[in-house]
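Work through the exercises below with the sequence and the 3D view open. Try each task before reading its solution.

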Amino acid sequence: MIKGGKGGGNTKTGLIFEGKTDLATFLAKQDGYSVTDGKVYYKGTQVGRIFKKHAFYTFLKEIGIEWEKIISKRLFPDDSIYVIVKNTLYVIECKHQQVAGSVDEKLQTCDFKRKQYQKLLAPANIDVEYIYILDDWFRDPKYKDVLDYIISVRCQYYFGYIPLSKLGLPVPDEKEETV
């Protein structure tokens, strides 16, 4: 459900991740997954690490990156997951809106933020993907230009979910239900 925002998630393409819950809570409820102290396991094998807000800077310190020497101001991801097999940090920002306001303009900052995360993680050779999870408010045609812009700068968006397969995470058997 990228670009045009049509269609829906199912267990063949991935599992639904509602923007109303955090990634750690969601994953811990999926068959075969467990999350302990931010470490994500699938069937007993560590597949990733989750970072929210300040925890991201603990990770940077662990891998020897001094953020102050690379960027001038901290970035605090709503949610992010470092997927080991992909060597990629997926920054996930959830945007909800009920009336016109500042969130409208925040969507236009994804290119800058993605590049800042890339600068931070370049010394460790970790790739970065920047993904919005949007609510239905942003399906309004007046957001077409902004949504097109998000794609044009190599960021992504989904409405209400993100497929686990997009994150490079194992997808439990098809019999599993979505959230």
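**Exercise 1.** Find which element gives the most to the lining of the largest pocket.

Solution. Step one: the answer is α4, with 4 residues. Keep in mind that this is a predicted model, where local features need pLDDT of at least 70, side-chain atom pairs count only at pLDDT 80 or more, and totals for chains, interfaces and linings use all residues. Residues are numbered from 1 along each chain as its sequence is written, and side-chain values use heavy atoms, with hydrogens and water left out.

Step two: size the pocket. Its volume is about 230 Å³. A pocket here is an open set of points on a 1 Å grid over the protein atoms alone, where a 1.4 Å probe fits, with protein on both sides within 12 Å along at least five of seven lines. The volume is the space filled by probe spheres set on the points.

Step three: list the lining, meaning residues with an atom within 4 Å of a point. There are 14 such residues, and Lys 73, Arg 74, Leu 75, Phe 76 and Lys 113 are the closest to the centre. Two elements give two or more residues to the lining: β5 (88-95) and α4 (110-121). Helices (H or I, at least four residues) and strands (E, at least two) are DSSP runs, numbered from the N terminus.

Step four: sort by class. The lining of the largest pocket has 6 nonpolar, 2 polar and 6 charged residues. Asp, Glu, Lys and Arg count as charged; Ala, Val, Leu, Ile, Met, Phe, Trp, Tyr, Cys and Pro as nonpolar; the others, Gly among them, as polar.

**Exercise 2.** Describe how α2 and α4 pack.

Solution. Start with the geometry. Helix α2 (residues 55-62) meets α4 at an angle of about 30°, and the axes lie 11 Å apart. Therefore α2 is roughly parallel to α4 (angles under 35 degrees count as such). Axes are lines fitted to C-alpha atoms, for helices over the stretch in contact, and angles run from 0 to 180 degrees between N-to-C directions.

Next, name the residues. Phe 56, Tyr 57, Phe 59 and Leu 60 of α2 touch Tyr 117, Leu 120 and Leu 121 of α4. Contact means heavy atoms within 4.5 Å. By class, this contact has 7 nonpolar residues, no polar and no charged.

**Exercise 3.** Which phi values do Asn 125 and Arg 154 have?

Solution. First, the background: most residues other than glycine have a negative phi. Asn 125 has a positive phi of about 55°. The loop between α4 and β6 (127-134) holds Asn 125, which is exposed at 60% relative accessible area. Arg 154 has a positive phi near 65°. Arg 154 belongs to the loop between α5 (144-152) and β7 and is exposed, at 57%.

Methods:
Angles under 35 degrees count as roughly parallel, over 145 as roughly antiparallel, 65 to 115 as roughly perpendicular and the rest as oblique. Buried means under 20% relative accessible area, exposed over 50%, partly exposed in between (1.4 Å probe, protein chains only).
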